[in-house]
Amino acid sequence: VLFRSLYNLDRNDSRWGKIDDEGVTFPDRLPLSGAALSHDSLYLLTGPGGLTLIVGKSLPIEVCQIVFGVDTLVNSMHAASVSILDGSDSYLNQIHTLIQELKNELGEYLEVRVVLRGEKEMNRVSYGLYDDRVK
């Protein structure tokens, strides 16, 4: 599986996930590389298989609570069982706006799969990233 785009859903960057005259603003696109991932952020990966939300194992508790309603994601099974909450938080709204725009572009039927960095499911995702495929 070759992925299309990788975005860091940086909570401290309020520029993305907004609707303006030109449409929805996107976060900066990162290289499709495992080296672009840190353990304390959320990332959105797009590709032919859909949308994958990559969760760093050291994601701050506050961010985990806002996005998923839990303090932490324990393992890959736990990650697969959670979904992005609905709510009025501005960061949550940014995420929902971005995901809805991507669904409009790629297919409304797409579900967002949540994977935890460092777990088995993430290893499968890593094979689609350029540097990890070469190794």
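**Close-up views of a predicted model**

**View 1. The largest pocket and its lining.** About 190 Å³ of space lies in the largest pocket of this predicted model. Its lining is made up of Val82, Ser83, Ile84, His96, Ile99, Gln100, Lys103, Glu111, Val112 and Val114. By class, the lining residues are 5 nonpolar, 3 polar and 2 charged. Two elements, helix H3 (90-106) and strand S7 (112-116), supply at least two residues each. H3 gives the most, with 4 residues.

**View 2. The open sheet.** Five strands follow one another in the order S4-S1-S5-S6-S7. The sheet is open, and its pairing is mixed. In general, strands of a sheet pair through backbone hydrogen bonds, either parallel or antiparallel.

**View 3. Strand S1 and its two partners.** Strand S1 (residues 5-8) runs antiparallel to strand S5 (residues 42-47), and 4 bridges join the two. S1 is also antiparallel to strand S4 (residues 29-30), here with 2 bridges. In S5, the residue opposite tyrosine 7 is leucine 44. In S4, the residue opposite tyrosine 7 is arginine 29.

**View 4. The S5-S6 pair and the helices on the sheet.** S5 and strand S6 (residues 50-55) are joined by 6 bridges and run antiparallel. Leucine 42 faces valine 55 of S6 across this pairing. Helix H1 (residues 61-68) lies across S5, S6 and S7. The direction of H1 is at about 50° to S5. H3 packs on the sheet as well, touching S5, S6 and S7. The direction of H3 makes about 5° with that of S5.

**View 5. Isoleucine 19 in strand S2.** Isoleucine 19 belongs to strand S2 (residues 19-20). Is isoleucine 19 buried or exposed? Isoleucine 19 counts as exposed because its relative accessibility is 68%, and the cut-off for exposed is over 50%. Beyond its neighbours within four places in sequence, isoleucine 19 is in contact with Val24 and Thr97. Isoleucine 19 and threonine 97 lie 78 residues apart in sequence. Their C-alpha atoms are 7.9 Å apart in space.

Note on methods: Residues are numbered from 1 along each chain as its sequence is written. This is a predicted model: local features need pLDDT of at least 70, side-chain atom pairs count only at pLDDT 80 or more; totals for chains, interfaces and linings use all residues. Side-chain values use heavy atoms; hydrogens and water are left out. Buried means under 20% relative accessible area, exposed over 50%, partly exposed in between (1.4 Å probe, protein chains only). Contact means heavy atoms within 4.5 Å. Two strands pair if DSSP finds at least two bridges between them. On a 1 Å grid over the protein atoms alone, a cavity is a set of points where a 1.4 Å probe fits but cannot get out, and a pocket is an open set with protein on both sides within 12 Å along at least five of seven lines; lining residues have an atom within 4 Å of a point. Grid points are joined across faces, edges and corners, and a volume is the space filled by probe spheres set on the points. Ala, Val, Leu, Ile, Met, Phe, Trp, Tyr, Cys and Pro count as nonpolar, Asp, Glu, Lys and Arg as charged, and the others, Gly among them, as polar. Axes are lines fitted to C-alpha atoms, for helices over the stretch in contact, and angles run from 0 to 180 degrees between N-to-C directions.
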